[in-house]
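Subject: Structure handover

Hi,

Here's the structure I promised to pass on.

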Amino acid sequence: MSPPGRPKGEYRSAQHEGAPMSTAPPHSDWSAGGWLAGARRCDSPHRGPRPAGAQAELALIHSISLPPGRYAGDAIERLFTNRLDFDAHPYYEALRGREVSAHFLLRRDGALVQFVGCDERAWHAGPSQWQGRANCNDFSVGIELEGLEGLLFEASQYRALAALLKVLATAYPIRGVAGHEHVAAGRKHDPGAGFDWPWLAAELGWPAAYFPESVGIGY
Ligand SMILES: [Zn+2]
């Protein structure tokens with residue numbers, strides 16, 4: 001099925017731009033610590049170990065753009081790596097001192113950036129609850145889509161997201177996908193109404209129970 005959004009080129013990773021195609025066998029998708037081959041690595045200091053026994057079971061979808069609605073530049077990467085100049089834009093004042101990260105960022109063109117290895121805990125969910133369990137950072141992988149909550153995302157982002165979720169499930173016991181709005185209801189609203197959950201569910205072919213009830217996956 002074609003992804004929603006405007007068709008705009010195929011999945012690609014930043015690392016592949018101008019680089020020779022990898023000849024590595026498919027089983028080397030992941031390197032030690034949970035770093036994905038094909039993602040551009042951009043290490044964040046905003047990370048820590050998962051609690052004993054915790055693994056990545058939930059893929060948690062967010063949206064972000066900095067400043068909001070501007071889809072360019074390196075401000076998101078700077079925020080997640082503690083290098084943002086908080087004086088560079090009035091909006092950034094509200095972010096001053098915030099130590100946040102996600103495992104992955106999908107840019108508008110589908111390029112994938114990774115900030116934290118999936119074996120570790122990134123700092124994206126805040127106070128949150130999923131299926132009766134609190135503190136989603138402990139057992140989730142955080143995936144930021146560059147965008148503005150409530151608005152649409154690009155076809156290239158959907159393609160790259162589906163590919164990312166499939167490869168995540170080869171290495172981790174993923175048994176759910178949710179939006180930040182579903183695990184922090186009333187406090188967070190991303191990715192919002194513009195995100196096409198039925199397309200993602202159909203593309204992955206995962207059980208309806210893997211998705212939030214409220215998004216209405218009913219096959
Ligand atoms: Zn979020």
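The protein has four helices and twelve strands. Keep in mind that this is a predicted model. Average pLDDT comes out at 91, with 89% of the residues scoring at least 70. The stretch to treat with care is residues 6-20, where pLDDT stays under 50; the model still has 29 contacts beyond four places in sequence for that stretch.

On the overall fold: of the 219 residues, 38% are buried. If you take contacts between residues at least 6 apart in sequence, 72% of them join residues at least 24 apart.

Now the sheet. Six strands make up an open sheet with mixed pairing, in the order S3-S7-S6-S11-S5-S12. S3 (40-41) and S12 sit at the edges with a single partner strand each, so one side of each has no neighbour in the sheet. Helix H2 packs on this sheet, touching S5, S6, S7, S11 and S12, and its direction makes about 170° with that of S11.

Going through some of the pairings:

- S6 and S11 are parallel, with three bridges between them; Leu-105 has Glu-144 in S11 as its bridge partner.
- S5 and S11 also run parallel, joined by seven bridges. Here Ala-59 is partnered with Val-141 of S11.
- S5 and S12 pair in the parallel sense too, over four bridges, and Leu-60 has Ala-178 in S12 as its bridge partner.

How many of its seven residues are buried? Seven of the seven, as it turns out. Both faces are covered: Leu-58, Leu-60, His-62 and Ile-64 are on one side, and Ala-59, Ile-61 and Ser-63 are on the other.

Back to H2, which covers residues 155-171. Its 17 residues reach 25 Å from first C-alpha to last, close to the 24 Å expected at 1.5 Å a residue. Which of its residues are buried? Ala-155, Ser-156, Gln-157, Tyr-158, Arg-159, Ala-160 and Leu-161 are, along with Leu-164, Leu-165 and Leu-168. Their cover includes strands S5 (58-64), S6 (104-106), S7 (112-114), S11 (140-146) and S12 (176-179), plus helix H4 (197-204).

That's what I have for now.

Cheers

How values were computed
Residues numbered from 1 in each chain as written. Predicted model: local features only at pLDDT ≥ 70, side-chain atom pairs only at ≥ 80, totals over all residues. Helix = DSSP H or I, 4+ residues; strand = E, 2+ residues; numbered from the N terminus. Expected span 1.5 Å × (residues − 1). Buried ≥ 20, exposed ≤ 12 C-beta atoms within 10 Å, placed from the backbone. Contact = placed C-beta atoms within 7 Å. Pairing = 2+ DSSP bridges. Axes fitted to C-alpha atoms, helices over the stretch in contact; angles between N-to-C directions. pLDDT = per-residue confidence, 0-100.
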